[in-house]
Amino acid sequence: MGKLKEYDVDLASLTEGHHEEDYHIGKEFFELMDNTEIQGADVDVHMDIEKRHGSYECRFHCEGTMEVPCDRCLDPVSHEVDTDYDVVVRYGEEYDDSGDNLLILPYSANRLNVAGIIYDTLLLTIPLRCVHAEGECNPEMAEALREHNSSADYDEEEEEPETDME
């Protein structure tokens, strides 16, 4: 993740108490993460870190918009983002991210790259079905879908087996 170095948090240098980091997420961030589905982004991420006794309580607040393809017409649809994600980071023998809100880093790690956490948090805000409001889809694509659906209905009617009910 050399390209995402700006998302490194130097845990070893943090003193006990409260710390903050701010990030701005644009389309380039998703391109660096090899995601071509996100067509645009303007999301601000605020990270609060509370260091207590070698444990780091991290809270990510993400707010803004992302442009994702409409599931009907494939044109960009604006998706509002306003979410929080909390994770506790601790040191242990080996890396372990199997807990929902607990991340264990090996003792040898002195940095935490938060790009993956931010990426996953943003992607999880996208609904399973993302579409424009009724009537806002690309009119050419909507017409093509109507034509395709009406011809598919016609084909299904032709393929039904005939039954003799006499």
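Trainee: What share of the 166 residues in the chain is buried?

Mentor: This is a predicted model, and in it 34% of the 166 residues are buried. The accessible surface of the chain is about 11000 Å², and carbon and sulfur atoms hold 46% of that area.

Trainee: How is one residue read on that scale, for example L128: buried or exposed?

Mentor: Compare its relative accessible area with the cut-off, which is over 50% for an exposed residue. L128 has a relative accessible area of 89%, so L128 is exposed. L128 sits in the loop between α2 and α3 (139-159). Its C-alpha atom is 9.4 Å from that of D71, although the two residues are 57 apart along the chain.

Trainee: What part of the contacts joins residues 24 or more positions apart?

Mentor: Among contacts with a separation of 6 or more, 57% join residues 24 or more positions apart.

Trainee: Which elements does the chain have, and in what order?

Mentor: The chain has three helices and seven strands. Read from the N terminus, the order is β-β-α-β-β-β-β-β-α-α.

Trainee: How many residues lie between the strands in the hairpin of β3 and β4?

Mentor: Two residues lie between them, and H53 in this hairpin takes a positive phi near 50 degrees.

Trainee: How is a pocket found, and how much space lies in the largest pocket?

Mentor: The general idea is that rolling a probe the size of a water molecule over the atoms shows where empty space is left. In this model the largest pocket holds about 430 Å³ of space. It is lined by 21 residues, and those closest to its centre are Y85, D97, G116, I117 and D120.

Trainee: Which elements give two or more residues to the lining of the largest pocket?

Mentor: They are β5 (76-92), β6 (102-106), β7 (111-113) and α2 (115-123).

Trainee: What classes of residue make up that lining?

Mentor: The lining of the largest pocket consists of 10 nonpolar, six polar and five charged residues.

Note on methods
Residues numbered from 1 in each chain as written. Predicted model: local features only at pLDDT ≥ 70, side-chain atom pairs only at ≥ 80, totals over all residues. Heavy atoms only, no water. 1 Å grid on protein atoms, 1.4 Å probe; cavity = no way out; pocket = protein on both sides within 12 Å on 5 of 7 lines; lining within 4 Å. Points joined across faces, edges and corners; volume = space filled by probe spheres on them. Helix = DSSP H or I, 4+ residues; strand = E, 2+ residues; numbered from the N terminus. Nonpolar A, V, L, I, M, F, W, Y, C, P; charged D, E, K, R; others polar. Pairing = 2+ DSSP bridges. Buried < 20%, exposed > 50% of the residue type's maximum accessible area, 1.4 Å probe, protein only. Contact = heavy atoms within 4.5 Å. Areas by Shrake-Rupley, 256 points an atom, 1.4 Å probe, with all protein chains shown as cover.
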